[in-house]
Amino acid sequence: MSVKWTEEQEKVIQLRNRSLLVSAAAGSGKTAVLVQRIISMVTDEVHPLDIDRLLVVTFTNAAAAEMRERVGAAIEAALEKDPYNQHLQRQLTLVHNAQITTIDSFCIRILRDHFHKIDLEPGFRIADEGELKLLREDVCEAVLEEFYEKADPEFLRFADSYSQAKNDLQIKEMVLKLFDYSESYPWPAEWLESCMQQYEAADEEALEQKAWMQDFLSYMKVRVGDLIRAQEHLLDLTRDVDGPYMYEASVQDDLYQLYALQECEHFSQWQEAINGINFKNIGRAKKYEGSEQKKDAVKSGRDRIKDQIVKWKKTIFASPLETQLQRLNQTSGMVRMLVLVTQAFAKRFALEKQQKNMLDFSDVEHYALRVLVDPVTKELTETALEYQQQYQEVMIDEYQDSNYVQETLLTAVSGVKNGRENLFMVGDVKQSIYRFRLARPELFMEKYQHFSVEESSRQRIDLHRNFRSRREVVDAVNDIFYPLMGQDIGNVGYDAEAALYAGAVFPEYEKPECCKPELLLVPMDGSSAERREQEALAVAGRIRQMIDAQQIPGLELKDIVILLRSMSGWAEVYQNVFEQEGIPLIVSSKTGYFSASEVQTVLSLLRVLDNPSQDIPLAAVMKSYFGKFTSDEMAQLRAADPGLPFFQCVQQYVSDESAKAELAEKVARFYEMLQQYRRRIPYTPIHRLLQEILDESGYRNYVTALPAGEQRRANLDMLMEKAVAYEQTSYHGLFHFIRYIDRLMKYDIDYGEAEIISEQENAVRLMSIHKSKGLEFPVVFVCGMGKSFNEQDLNSSMIFHPEFGIGLKWFDCGKRTKANTLIHQIFSMEAKRENLGEELRVLYVALTRAKEKLILAGSCRLPEEGQFTGYDRTQKVPFSDRYDAGCYWDWVLPVLGLENKNYDYTIWDEEQMLAEQQRQLQDTAVQHRNILEALQHVSEAETEELTEKFSWKYAWRDMGTHKQKVSVSELKHRAMEERSEEAEQRLNTAEPLFPQEIPTPYLPRFVQEASENAGALYGTMVHRFLECLDFAALPEFVSEKQGLHYVKTQIDRLCTLGRMTEADAKRLNWKQLRDFLQTDTAKRMRSAAQAGMLEREKPFVMSIPAQLVWEESKPEEEVLVQGIIDVFWEEEDGIVLLDYKTDRVDNSEELIRRYKKQLELYADALNRFGAGKTIKEILIYSFALAEEIVIQ
């Protein structure tokens, strides 16, 4: 069935010869349309395109693989309709090498092909993340050491200003952050140079020429405009009939002062006007009988305006302009020094990586850029022009997450700079949520604003229609984002062009209100941890209600997902609460690995092996499985000599004459174990050392036997994987491995606990909003709505602006004082605006994951009655209100209000929930009691009727265990078991031939070695060999040696082709195979193969009377039998049937007894399907006896 595309989708698929920007809203079928465009270009009947003429850049390897698979399947489908189409046949060959790839993979390919253009070693490798952290830290320490040795006074002032009291960790972090930030620009060194220019301002005129100051003055106009509108609203309230009239004069005076701010043009005027504002007492009335609600609204509204003015007075306008300029000039030297140190680090870091012949992903992009663009002239190179000729179109998925480097790269390989518009970009700026990875949504918006929606060489197409979500969900998203999202916060105006439109058709439920969006409000009581637990309880209770009541028919736990902005500190709470409530929960987390107790224990042991003189790791190991010391024993060791470090107490206890002999012996054994492992360190790879520790100590088996043992075992296996990864780096040895792990822990490079749970399990999912991007779920709980936004970076010593560079704080080393510079405060305001835009986009992603139902949950201070009246879609929340939001509720509650009929509001009450649970238990008890009472009054007739019904038995229940399809092998094993039972009955009457076995102690399943059925494996390999052997080319052997050589050659060929592994090949007995190939039977098979009459491994299914299998079956019943015939061939006078057997037997009669029935069934199958040909011979060839056995 063909897909019916919308008009906009059809345009995206069909339009050619232009640059296209596709703004694809959530659920609009973006990926499907992109794939269809590729397919339509490749299969175009008029202008077909080879698929390797397209460059398709996706965000992840998984997305690239899925897209390639879809395109390949579409080409195969087209080829089935037109099998002789040479173009399609060619595409099927090319699709596996098509450039459907990530930006990193594409850049690596450029470097592999053109490494000589930039003098790059061709054998480079991509560095491990942990290795990079170690190397960065080592290089940064070395660079700082060099600067300290030079003792440049300016550097020493810089170090004194920005280092902490005891170390220079903060300086290291500043250098590394600035380096990382600069790497998101095409030419990092040039960007770093430009950072120093922003601090050069001699006077106010020069200051106001700075673009960042102009932005700030515009920002102040907007903020004051919002304050004036808010104040005018308050004035209107005071003039209402029931309004607080006594406040009118003070509110009016406030308004006049705010009006005066509108006249300000220069910074000094703003400073003077803001500092000159003076708020009068609000006024009183002896007897006020008006609206208390309006009275409180005016008071609280005026207080908010006062707070904002006071905040400006204390921060950005606190110091005189002359002081501000002086601090800027003084800080410019600090910026210059920071840039110099960062540049030195960049050069040294690049040199170290070059010596180790490794690159990181940033290097890959920048080196590829050097191949394509001249770093000096910024002109395209010949290589870039060659790529432009190669690619007919450059297609970029998830364009909203591109950065400046990727933009420059992909533009270089397109034809845009030479006037050939061939860029295809698809994305949704409302879903740009990777600012922390330095994504630049403004790149998308620049094209969004300049590309035409009309027919053009640079055209924009908007995909509005959402095919994922029910109308209720779509309406909720629009209700929330129309008033909230704008160009000022969120980077895009949410209007009719950006809004969602429902396009999916959903079934109508009996109770339509079951899909109404909900707001679950949890009163903000107690500590932060307690609020999280209360929220988790509320969500668990609501989920249980939904499942029990089946409000959405067929709803299961696996249909529900809980989305959180951050997993840290929340996932564990939800796990504990849901476990208590008996609700299965799968947590998709990238945290928790290094905190797992089994991983911590092994890492502590490794630390002790590296350096036994460490008290804390030593104590941890001694208390663990490896030492098994009790708390009392540890206390005795510590008390032996309180003046010494703990490790010395332990070491000396063995030789202490007053020591307890039993404890001293235990300590000696413990140290002997440590020494045994320590002796292996110099020559044993880390992963093998770990393997030996876990195997020899039995620790892996021990943790597997604990609760959640499978998870623990998987975590230890992952640790060994990390050890293997470490050994591929340029670092070696146990000391550096511990550093490697420590850096991963320090920089939060956590892997998350190993995944062991199936995604098909019926359990609620818990994941971060970022991880949910691209996914969809029937029911979505967006939780943590009351969690405060993270604003820690806004108060750090250094802050970044994507356009203007670095904002540093000012320090006075002499007086040991610090203050925010003007540029730092302005950059902080801009960073906050960008952060809020990112948070708004994250919320959009969360809400658009829902298909059927959306529930917003979180703790909050319960709004007062009438506090929030809501906004409709034509209204915009004032910038100030959006800018001052501290959590998602601060946006959503004012927008939706508290009395919106399209939403259900629930205020969670723990006592109410407990009462409801108690009521349910009471109802259940009453039901049971009523049943028991009713049973007391049952008549005799009713009892007989019930007895008859409950005692009824199905007439053919014994047949319920009979399968309707059996294999020949099953029938064979049944026959062998029956003969074994008969033999056992005979033996029971005789004296025992063997003494009674000693019972084998029980071992857990995970301890037992997987025993291989060697006989069965050997038989399988013999069948595989003979199945794959080319009998038509079977030679005559002139000697036994030649026969063995031929067998070996054939086995090697099968291994090379992947039909057999080397381990399997070793099981084969060459002599037995050679002996068979010299038989007359093998020669007959050769003749049949040459005539095309040899059939091997032939499957069949046929019906036989069921009584042949199950004696108690009815005569008319049948059962299906399936099997595979080893080999048969046709000769002039009939068919020869042969079966290979590798059983170890003493004589041929035993094989006949075992397999005669099986071969008769094979013969029956051949008689039925052999077109009237007779079976002239039935043979068994026994490899153990080297004998051909005739059955018929």
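Colleague: Where is the place of Ser880?
Modeller: Ser880 is in helix α34, residues 879–883; helices here are DSSP runs (H or I, at least four residues) and strands are E runs of at least two, numbered from the N terminus.

Colleague: Buried or exposed?
Modeller: Ser880 is buried, at a relative accessible area of 5%. Buried is under 20%, exposed is over 50%, and partly exposed is in between (1.4 Å probe, protein chains only).

Colleague: And what does Ser880 touch, leaving out residues up to four places away in sequence?
Modeller: Arg223 and Asp226, where contact means heavy atoms within 4.5 Å.

Colleague: What sort of model is this?
Modeller: A predicted one: local features need pLDDT of at least 70 and side-chain atom pairs count only at pLDDT 80 or more, while totals for chains, interfaces and linings use all residues. Residues are numbered from 1 along each chain as its sequence is written, and side-chain values use heavy atoms, with hydrogens and water left out.

Colleague: New topic: where does Gly29 sit?
Modeller: Gly29 is in the loop between β1 (19–24) and α2 (30–42). Its relative accessible area is 26%, so Gly29 is partly exposed.

Colleague: What about Thr31, where is that?
Modeller: Thr31 is in helix α2. Thr31 counts as partly exposed because its relative accessibility is 27%.

Colleague: How far apart are the C-alpha centres of domain 3 and domain 6?
Modeller: They lie 95 Å apart. Domain 3 is 205–283 + 292–318 and domain 6 is 969–985 + 1014–1191, with bounds from an automatic or database domain assignment.
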